[in-house]
Amino acid sequence: MSIYNIYCDESCHLENDHLKVMSLGAIVCERNKVHQLSEQIRQLKTQHGLSRQFEIKWSKVSPAKLDFYAELIKLFFNNSTLQFGGMVIPDKSLLKHEKFSQNHNDFYYKMFFNLLKPIFDKNHQYAIYLDIKDTQSQALVQGLHDKLCGSLADVNHENIQRIQQIRSHESELLQLTDLLTGALSYLYRDLQTSTAKKALIEQINNLSGSTLMGSDVHFTDKKFSLLIWQAQDGTA
């Protein structure tokens, strides 16, 4: 039985941020490889003149740091233990939460349920780490844990052992998830503000072997999987 850590992040997820697109992402890694990969990322930081504590974020991508971020993308694609799955909600303005007796927080965790559910296998164990959203979300996180366990008939939480909120500076792999998830939001918002960010998206496209636009792949055996979420009758 293998044990996996799953690192989850989001971009443009707030209900009233006036941003059309919302994206979620998750990196899956075998637990016994986490320390080694985290140290590789920290060493990569120092090789590029950055502090080992430098926090990797999509918002920090710039021409001056392009070589560093390009090396991170290569590291992800060159390590067979790492897998990324993303979900894009193309237009938050179409969401009609009242129709489904939910609020935006409910929808947020419902989408994470849809993103994570296909990962799990009864023959393995998992720990999930979410970028901390706010101090009020622990009950919703616990509800997500219960629903994911229910989908796997994991009554005693033996397979999906825990879901824990952590801060991104605590985990290099959570920071890497931020980078890839942020790239999805940038692409689907059709932004053209940064040559460095456009170069990284082109690199991801090339290394993944497929375009990131219009894909309907979702946590298959592919290295980089993507689901474009479609609302029911234009609402959800």
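This is a predicted model: local features need pLDDT of at least 70, side-chain atom pairs count only at pLDDT 80 or more; totals for chains, interfaces and linings use all residues.
Colleague: In which pattern do they come along the sequence?
Modeller: The pattern reads β-β-α-α-β-α-β-α-β-α-α-β.

Colleague: And how much of the protein is buried?
Modeller: Of its 236 residues, 53% count as buried. Buried means under 20% relative accessible area, exposed means over 50%, and partly exposed is in between, with a 1.4 Å probe and protein chains only.

Colleague: What share of the contacts is between residues 24 or more positions apart?
Modeller: Such pairs make up 73% of the contacts with a separation of 6 or more. A contact means heavy atoms within 4.5 Å.

Colleague: Let's do helix 1. How many residues, and what span?
Modeller: Helix 1 has 17 residues and reaches 25 Å from its first C-alpha to its last, close to the 24 Å expected at 1.5 Å a residue. The expected span is 1.5 Å times one less than the number of residues.

Colleague: Which of its residues are buried?
Modeller: Val-34, Leu-37, Ser-38, Ile-41, Arg-42, Leu-44 and Lys-45 are buried in helix 1. They fall within an arc of 155° seen down the axis, so they line one face of the helix. The arc is that of the directions from the helix axis to the C-beta atoms.

Colleague: Why would a face show up like that in the numbering?
Modeller: An α-helix has 3.6 residues a turn, so residues three or four places apart point the same way.

Colleague: What does that face pack against, and what is on the other side?
Modeller: The buried residues of helix 1 pack against strand 1 (3–11), strand 2 (22–30), helix 2 and helix 5. On the other side, Asn-32, His-35 and Gln-47 are exposed. Just after helix 1, Gly-49 takes a positive phi of about 75°.

Colleague: Switching to charges. How many salt bridges?
Modeller: The whole structure has 6 salt bridges. Each is a side-chain nitrogen of Lys or Arg within 4 Å of a carboxyl oxygen of Asp or Glu.

Colleague: What does Arg-42 pair with?
Modeller: Arg-42 meets Glu-172 in a salt bridge, 2.9 Å from N to O. Arg-42 lies in helix 1 and Glu-172 in helix 5 (residues 172–188), so the pair ties together parts that are 130 residues apart in sequence.

Colleague: Is that Arg-42 buried or exposed?
Modeller: Arg-42 counts as buried at 18% relative accessibility, and Glu-172 is buried too, at 6%.

Colleague: And Glu-39?
Modeller: Glu-39 forms a salt bridge with Arg-52, with the closest N and O atoms 3.0 Å apart. Glu-39 is in helix 1 (residues 31–47) and Arg-52 in the loop between helix 1 and helix 2 (66–78), 13 residues apart. Glu-39 is partly exposed at 21%, and Arg-52 is partly exposed at 33%.

Colleague: What about Lys-74 and Glu-71?
Modeller: Their closest N and O atoms are 3.6 Å apart in a salt bridge. Both lie in helix 2, 3 residues apart, about one turn of the helix. Lys-74 is partly exposed at 38%, and Glu-71 is partly exposed at 30%.

Colleague: Which residues end up in a network?
Modeller: Salt bridges that share partners join Glu-39, Arg-42, Lys-45, Arg-52 and Glu-172 into one network.

Colleague: What covers helix 6?
Modeller: The cover of its buried residues includes helix 2, helix 5 and strand 6.

Notes. Residues are numbered from 1 along each chain as its sequence is written. Side-chain values use heavy atoms; hydrogens and water are left out. Helices (H or I, at least four residues) and strands (E, at least two) are DSSP runs, numbered from the N terminus.
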